[in-house]
Amino acid sequence: MAHNRRFLTVLIGWAGFSLFFAAWLQFQWGGGAVTQRFDNLGETLAALLAAAVCGIAAWRHQRRTRIAWALIGASALSWGLGQAIWSYYELVMGQQTPFPSFADLGFLGAVPLAVAGVLFFPWVPSRATSFLRTILDALLVAGSLFIISWATVLGTVYRTGSGSLVAQLIGLAYPAGDIVIGTIVLILASRAPKENRLPFILLAGGLVANLLADSAFAYLTTTNTYGSGSTTDTGWAAGYLLIAVAGFRAATTRAGSAVTNDGTTGRIWLVLPYLPIALAAIVAVFEEALPGELDPVVFWSVMVLIVGVVLRQYLMLTDNQSLNRRLEANASDLAKREQHFHALVQNSSDVITLIDRHGAIQYQSASVERILGYGETELVGKSFGELVHPDDRTQALRKIDEAINIMGPPIATECRLRRVDDSYCPAEVTITNLLELPAVRGLVLNTRDVSERKALEEKLTHQAFHDSLTSLPNRAAFRIGLDHALHGASEGRIAVLFLDLDDFKAVNDTLGHDTGDRLLVAVGARIASTLRPGDTVARLGGDEFAVLLKKMEDEQIAQRVAERITRQLVPPFAIDGKEISIRASIGIAGLVTGQEAADDLIRNADVAMYIAKSKGKARFVQYEASIAAAAIERMELEHDLRSALQEKQFVLQYEPVIMLESGAIHSVEALVRWNHPRRGVLAPVDFIGVAEQSGLIVELGRWVLQQAARDARRWQVHYPSVPAMNISVNLSGRQLERPELIKEVVDAVDAAGLDPQSLILELTESVLLADTEPVARTLQELRSLGFRLALDDFGTGFSSLGHLRDFPVDILKMDASFVAGIGRGMADGAILRSIIGLANSLGLMTIAEGIERQEQLAALNAMGCNAGQGFYFSKPLDYEGMDALLASCIQSGTGRQLPPAWRMTA
């Protein structure tokens, strides 16, 4: 709006200045000299202003429009330079401008530049024949007007003129050029697009004003009556200012899209050139009828018009033929496109349906037969809503109504459509509103069969909530079902059973994972067979199952179900021709406070199951808060233990074993400690039992073996002695049960570069009670490889003396409880004396544990005990502490003898 007001202000200013300029020239304000100076300067500045504004318009536009405005600006500049020369003669030299002069070069040079500028606008026909025809039309009209003008005015002026021939020709060139410009401008002004029409009309107005001024100038100069300051000069000043206004409008208007003209015109423009030609012919006939000879100018001009008309007709025929070929090509292309579109619609995998605003089917593509089974025209006229499943109909009709009443993008919905056999097809329907499109006037429904996608979604949903092995619900599904049961008022009492198969790992290790998988499937089926209708069994993962009991009449039902499951698992499972026995530990958790969440119930049942395993497995235990604390702590410890192995939270400490007679360090015993992030440093008694039960002792023992071998070898290299210092490592029962133990031990010493004779493997008496023959074979093979064996905690009551005969033991380590009784009048001294005597008779080395006092050391030495360890010599030391102890032995010059200063200092 502000833009239009600004333009209107400029237009009013132009009109006001033009009137003021004309009045000044008419009334000669200030006298003739002042008026002459005002006239010359005003015309020059108007032309230069037009040139500058047209240059700005050119800079604001692109392509052909830029060139067009640049040429118009150049035309104005050329005229302005001519006017400047004219002003120089009159204002500087003080004389009348001669005619012709150099000023005429600028004036006449503006004509072809203006013609070229007009013809460069993009709406000028782009095809060659149409472009030539447009130029020819302009020339024919201009030629006709020239004939009429010559016969009526210009001929008489020319013949009666007093100037030279050159002056007369130049004088005639002005109106002739202006006639050409005016004709082209008028022809093209009507063809300009609406967004560009106003600037072009203003430009045409300016050029027409110049045309009138040039014609008056030519008439007056030919008759030698023109003088500077004439009122007719207003045409040039007003014309170029109007061209400046046109440039201003073009510069301040957003550039429109590039509009091109293919040469097609309205009917009036087809006959327009013939009207002035007819008038020119009448004038020529009238000239011929006058007495005397026919004016040669009229004659030759008529000849040129005739040739032009013939050429124009030829161009029209050529253009028409080209247009016909284009129309035929377009018609052929349109037919091919229609065929292509029809083929796409008919063979599309989607069903294309056209319905009116009332839902009646107007068109149906042939693909409906493949998807729904109906013929192509069978459904036409019927309501689309009748095809929709009753449960989906309201939603589908609501979406159709939304597409009709709410403008926006296509709307998609899903519904089931009835097939010809009365079954239903899941479909996705996209609704596009084309009611306002005259060629369609309806709603287009693009229907796609999504049966496969729905089946895949159902399959993925089943996989997401079911165990792939047993097809039972998985942990996620069990969790959702438990949540529903807890929040459902009609479920009554509920309980959760948590089952873990006992020693299932042994099945995988001995019979393979395939057999183990089939066993899990069979176990899941047996558990399901014991449940009541409405109860749920799920596989949580691994060998863990869970049962959800709902609508229990009393709390004893959970225990009765657990008992049935326990009995059901007693008969062996027949898997691959083998009978496999498996049991389960079951934890039971019900609602205690009534506020338990799903996770609370599952955790409580898990804790109860853990307690059942600790009580001997193959049983069920009801969760009770009073017994859960210790079990939860043990479970948390087991969880932390797994993390500790991954995060390397374990460290080794070393306790030296001293030869009692010489005080030399015989060996060091590796003792594992757990640097727990919350509980601090834990001794083996705090976690070894959990590691044994969970099986993590195997991985932990492997690490201890490898680390101890590396540390021992480093000490042997740094502090060499003969014989070399030994390292002692404890083995668990779980490790001895594994056939891979021998290889792990050999790999550890090989990786460290340690001599097998430097490694002492300690085992407790309880290990020897499990299965004597396999353990004996393993120990015998280790001993044959050079490793020495020590029996730890000997005499605590688990073993018999027969084990010393059955197992290849090299060292007996007497339990600290016997050493503690020395000197207190107890029988421990006699027991120790008997053990030492027995060991000496069997050729075994004896080591006493727990020496803390001087009298204990003296008594054991007197009994003939070979070596000992305990706080009297040193507490367990970390690697740096043990390294310092060995370094002090070397510095004292005693070899590996323990310096007295080290005793009881740690």
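Where is isoleucine 835 placed? In this predicted model, isoleucine 835 sits in helix α28, which covers residues 828–842. Its relative accessible area is 8%, and because buried means under 20%, isoleucine 835 is buried. Threonine 846 is 11 residues from isoleucine 835 in sequence, and the two C-alpha atoms are 8.7 Å apart in space.

The aromatic residues come next. The structure holds 13 aromatic pairs. One of them joins phenylalanine 17 and phenylalanine 21, whose ring centres are 6.0 Å apart; their planes stand at 45 degrees, so the pair is tilted. Both residues belong to helix α1 (residues 2–27) and are separated by 4 residues, about one turn of the helix. Phenylalanine 17 is partly exposed, at 32% relative accessibility, whereas phenylalanine 21 is buried at 1%. Tyrosine 872 and phenylalanine 873 make another pair, with ring centres 5.5 Å apart and planes at 75 degrees, so this pair is edge-to-face. Tyrosine 872 has a relative accessible area of 11% and is buried; phenylalanine 873 is buried too, at 2%. One aromatic cluster takes in Phe17, Phe20, Phe21, Trp24 and Phe38.

Charged side chains also lie over aromatic rings. Arginine 526 is positioned over the face of phenylalanine 573, 3.5 Å from the ring centre. Lysine 875 lies over the face of phenylalanine 871, at 5.4 Å from the ring centre.

Side chains of opposite charge can pair when their charged atoms come close. The structure holds 34 salt bridges. Among them is the bridge between arginine 453 and glutamate 414, in which the closest N and O atoms are 2.3 Å apart. Arginine 453 is in helix α14 (residues 451–465) and glutamate 414 is in strand β3 (residues 411–418), so the bridge ties together parts that are 39 residues apart in sequence. Both partners are partly exposed: arginine 453 has 31% relative accessibility, and glutamate 414 has a relative accessible area of 36%.

Arginine 475 and glutamate 544 also meet in a salt bridge, at 3.9 Å from N to O. Here helix α15 (residues 475–487) supplies the arginine and strand β8 (residues 544–552) the glutamate, so parts 69 residues apart in sequence are tied together. Arginine 475 is partly exposed at 40% relative accessibility, as is glutamate 544 at 21%.

A further salt bridge, 2.7 Å from N to O, joins the side chains of arginine 518 and aspartate 576. This pair links distant parts of the chain, 58 residues apart: arginine 518 is in helix α17 (residues 513–529), and aspartate 576 is in the loop between β9 (573–575) and β10 (578–580). Arginine 518 is partly exposed, at 41% relative accessibility, and aspartate 576 is partly exposed at 47%.

Which residues form a nonpolar patch on the surface? They are Leu41, Leu45, Tyr88, Leu91, Val92 and Met93, and together they have about 580 Å² of accessible area. Helices α2 (32–60) and α3 (63–92) each supply at least two residues of the patch; α3 gives the largest share, with 3 residues. Leucine 45 is found in α2 and is exposed, with a relative accessible area of 56%.

The last topic is cysteine. A search of the whole structure finds 0 disulfides. Cysteine 54 is buried at 0% relative accessibility, and cysteine 889 is buried at 1%.

Terms used. Residues are numbered from 1 along each chain as its sequence is written. This is a predicted model: local features need pLDDT of at least 70, side-chain atom pairs count only at pLDDT 80 or more; totals for chains, interfaces and linings use all residues. Side-chain values use heavy atoms; hydrogens and water are left out. Patches are made of residues with over 30% relative accessible area and no salt bridge: like charges are joined within 9 Å, nonpolar side chains (Val, Leu, Ile, Met, Phe, Trp, Tyr) within 5 Å. Accessible areas come from the Shrake-Rupley method with a 1.4 Å probe; for residues, only the protein chains shown count as cover. A salt bridge is a side-chain nitrogen of Lys or Arg within 4 Å of a carboxyl oxygen of Asp or Glu. Buried means under 20% relative accessible area, exposed over 50%, partly exposed in between (1.4 Å probe, protein chains only). Rings of Phe, Tyr and Trp (its six-membered ring) pair if their centres lie within 6.5 Å; planes under 30 degrees apart count as stacked, over 60 as edge-to-face and the rest as tilted. A charge sits over a ring if NZ of Lys or CZ of Arg is within 6 Å of the ring centre and within 35 degrees of the ring normal. A disulfide is a pair of cysteine sulfur atoms within 2.5 Å.
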